[in-house]
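Q: Before we look at charged pairs, could you explain how to read the accessibility of a side chain?

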Amino acid sequence: MAEIDIGKHCQIDSCCQKDFLPFVCDLCSGVFCLEHRSREAHSCSEEPVKRVSQNTVGSSTSFPCSFQDCTGKELLPVICSQCGKHFCLAHRHQDDHKCEKLEVQKPRMAATKELVQKIVESKDISKSKGRKGAKNSATAAKVALMKLKLHAAGDKALPQTERTYFQVYLPKESKDSSQPMFFCSKWSVGKVVDYAASLAGLKNNNNVLTAKKLRLCHPQTGEAFRMDDALLSLLAHQVSPLYNGGNVILEYLDNEGSGLENVTDYITQT
């Protein structure tokens, strides 16, 4: 087996003892054993560097504070990393000694903080705007539902659990602007239109190919719903749902018409 060489010999000629954990002098960088590790024991040729004191009072070194009218002193230097001056512990922070370097940075830091705050606020506002319309519509529908239940017309034989209430805004040519009605939530849009026309006494020529069709439209977007759409699916729609207690619009549209151009013409009539 090969012999493993571990440790080093002491540099003192009269010693040369091999030490497995030799000591290295921090001044002359020589290698020594335990007995000769001190500078006196190996007659170190290097002299330790003496620190030049900045202010000597008797035999002690002190560092006076550079802050105006401050008489404080410290035994160890407390130097500002920005201006490079000495300060006492009470004035060591930049704010405490009114550091000239800090004065330049303050307006920039404040401006940056203000800019970041505006960006955060603008994002919060943009997010809330997307939810505001739906949230307000749902809340208004809940309030209106209680009133509609007192006056709405509909099939009294329908179970309460299947009733869906709307304030139905009628075509512009009608004598009444709107009527409260309730329908079965399981009906299709086509059946809702037929039943609403019957309750309001409206002319319904939806079975005539060339005639204008009576259509049910969304109260915010003006979009005309398809006749085969289920009322339940419109109530559960994720983007622009109808609300139990909310509004719907009935109007005559051309066969090619996809909806109303201005829903405010109907909702603001009353």
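A: A residue is called buried under 20% relative accessible area, exposed over 50%, and partly exposed in between, using a 1.4 Å probe and protein chains only. In this case Lys 212, at 47% relative accessibility, counts as partly exposed. The model is a predicted one, in which local features need pLDDT of at least 70 and side-chain atom pairs count only at pLDDT 80 or more, while totals for chains, interfaces and linings use all residues. Residues are numbered from 1 along each chain as its sequence is written, and side-chain values use heavy atoms, with hydrogens and water left out.

Q: How many salt bridges are there by the rule that defines them?

A: A salt bridge is a side-chain nitrogen of Lys or Arg within 4 Å of a carboxyl oxygen of Asp or Glu, and by this rule the count comes to six.

Q: Which residue meets Lys 212 in a salt bridge?

A: The partner is Asp 254, with 4.0 Å from N to O. The pair links distant parts of the chain, 42 residues apart, with Lys 212 in the loop between helix 2 and strand 11 (213–217) and Asp 254 in the loop between strand 12 (246–253) and helix 4 (264–267); here helices (H or I, at least four residues) and strands (E, at least two) are DSSP runs, numbered from the N terminus. Asp 254 counts as partly exposed because its relative accessibility is 43%.
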